[in-house]
Amino acid sequence: MDELEQRLRTALADDALQVLPRPDALSTIRAGVRRRRRRTRVVTAASAMAAAAIAVAAAVTVPAMLDHGARGGKPPVTPLSGSWRVAETVPLPSTAQNVTALSATATVVWVGAPGHLLRIDTTSGAVTTYDEPGTPLALAATPRVLWVAARGGSGCLLEERNAISGQRLMLHQVACRAGAALAVTANGPDAWLVVGGPSHVSLGLYAAGRSRPVRTTTVTGSSTGVHPLAIAGAHVFVLTRTPATLRVTRLAQDLRGTPVSADAPAGVIGMAYGTHRLILATGAGESWVDPQTMQVRHLADDATRDLTTGNSLLWSVVGREPTTLVVRDPVTARRIGAVVVAGTVSHVLAIDTDLWAVASGDDNRTAVLRLTPVGGK
Amino acid sequence: MDAGQESFDAFVRARLPALLRFAHAVCGDPHTAADLVQDALERTGVRWERIQGTGDPEAYVRRAIVNGRTSRWRKLRRESLVDDVPEGRAGMMQQPRDEEMWRLLATLPPRQRAVLVLRYYEDMSEEQIARTLGCAPGTVKSQASKGLAKLRAALADQREASWTS
């Protein structure tokens, strides 16, 4: 064996290649397998229906209209491609009509409203209401923990709640200015909180069960957009605005190391991560960012005001009254389908191939809708 | 939980650390390695019954990792992307390593790199590498030869540069 081969063996030794598996790796892989199986069914169903799409768009309008008056004010929904249907409608109580935040896992949907937090069990349909000390501005749900970023009378709060019982486990007081934007996202036992400021945003890493933040840092610029925070692979991304430009900044999930920034497209209002890319929505279209190289590229031309990603699907929210939910492949930008909601959709969240949406109908009653692929559960 | 799910879970639990190391060797980056392994195992899980029936599911996963890496590399090359943005490694790498050799490995096309990894890290024979990568043994031999030649030439260049500088 010559010197080169010896160096190769040494360089490729186990110690140099160590990558610690995440504690939740197996459950993440299982979830990925389930998503791919569902996705296969969706694509199959969409392909089968593609030939009839035009006819469906014309014919489905009347049958798809829901019984608006008799069933608690559900907004009428028209699936243009015929690929998604309303599988569930949960009218919200009168105390929680003004929804401020939405999050969900596979089995629970969480809705925030001033002074209230609602837990909707998607299996039984049971709705439980909890009192909140402030207004929840952002929620991040995991199967075990719900993180609530709220603004109260005396400042900002980050709450850690048990996702099963709703019981508050920890309450972090967070310094913030009046009117500060808050955003939270979570992964496993960790949560990242963004608190907006006039010249910089504060980013904190919190761990379930710990009374103090694990680490905090700041990013230059003020907070901007409806979704200024996203997790992508091993990184966390923050969207900020400086007087000169909009920036997307990448940090390691442990908030160590040097942040890397790139210019974001003009008018960017939010981010979502899916299929190994960070999707940016602007009022004039979508772009995507390679999380490794930070290069920004054009994706599609929807006039998006909100977005969400799930299981290789990109949902773009376009327009109001009616609201069109455009479904695309986030890699090819191919339009897979579209659903028209005859009302205003204020919040969306994709879970696998389903979409949870908060929508208000023409009687101003608000409901949570679950859209499921036709042929799905 | 059905038997198929149980055997898939057991496979993942047993082989995940080794697959992560393999992916790290193939792509040179622990974060991309985690993504590649996740992707490959999800694909494997969807077809687990059939893949398990082949008797060597790990070969399937390794091939999926190499193919995933090749596909990313092709895409990045088509888009004229160059080096990754320098960054810390988020505490995932603790051991010092031969940075020069890693930099040189990173310059190899993914197929050549995969052949060298399977040969010098996994100690596989040409036949085993060919089965894992789904190619002919002759291709393995030529890819290994080209990869080693490139590394030798690059090392020689670097030495010459250090003597003359």
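A nonpolar core, as I use the term today, is a set of buried Ala, Val, Leu, Ile, Met, Phe, Trp, Tyr and Cys residues joined through C-beta atoms within 7 Å. Keep that in mind for what follows. This is a predicted model, and its scores are ipTM 0.74 and pTM 0.58.

The largest nonpolar core here has 138 residues. Which of them touch the most other members? They are A:V111, A:W147 and A:V184. As for secondary structure, the largest share of this core comes from α1(B), with eleven residues. Apart from this core there is another one, of five residues, including B:L104, B:L105, B:L148 and B:L151.

Let me stay with A:V111 for a moment. If we set aside neighbours within four places in sequence, its contacts are A:L92, A:A96, A:V99, A:L102, A:L118, A:I120, A:V358 and A:V368.

Now chain A as a whole. Its 377 residues are 46% buried, and it has five helices and 30 strands. Take the contacts in chain A between residues at least 6 apart in sequence: 43% of these join residues at least 24 apart.

One sheet will do as an example. It is an open sheet of four strands in chain A, in the order β7-β8-β9-β10, and the pairing is antiparallel. Which strands are at the edges? Those are β7, residues 135-141, and β10, residues 168-174, each pairing on one side only. On average, and ignoring direction, neighbouring strands of the sheet are turned by 20 degrees against each other. Strand β9 of chain A, residues 155-162, pairs with β10(A) over six bridges, in the antiparallel sense. Across that pair, A:E160 stands opposite A:M170 of β10(A).

Next, the contact between the chains. Chain A puts in 38 residues and chain B puts in 41. On chain B, the helices α1 (3-27), α2 (30-46), α5 (99-106), α6 (110-120) and α8 (137-164) each supply at least two residues of the side that touches chain A. The largest share of that side, ten residues, is from α2(B). Sorted by class, the side of chain B that touches chain A consists of 23 nonpolar, eight polar and ten charged residues.

Last, confidence. The average pLDDT of chain B is 78, and 81% of the residues score at least 70. Where does chain B stay under 50? That stretch is residues 77-96, for which the model has 32 contacts beyond four places in sequence. Where pLDDT is low, predicted coordinates should not be read in detail.

Note on methods
Residues are numbered from 1 along each chain as its sequence is written. Chains are lettered from A and ligands numbered from 1 in the order in which they are written. This is a predicted model: local features need pLDDT of at least 70, side-chain atom pairs count only at pLDDT 80 or more; totals for chains, interfaces and linings use all residues. Two residues are in contact if their C-beta atoms, placed from the backbone, lie within 7 Å. Ala, Val, Leu, Ile, Met, Phe, Trp, Tyr, Cys and Pro count as nonpolar, Asp, Glu, Lys and Arg as charged, and the others, Gly among them, as polar. A residue is buried if 20 or more other C-beta atoms lie within 10 Å of its own, exposed if 12 or fewer, and partly exposed in between; C-beta atoms are placed from the backbone. pLDDT is the predictor's confidence in each residue, from 0 to 100. Two strands pair if DSSP finds at least two bridges between them. Axes are lines fitted to C-alpha atoms, for helices over the stretch in contact, and angles run from 0 to 180 degrees between N-to-C directions.
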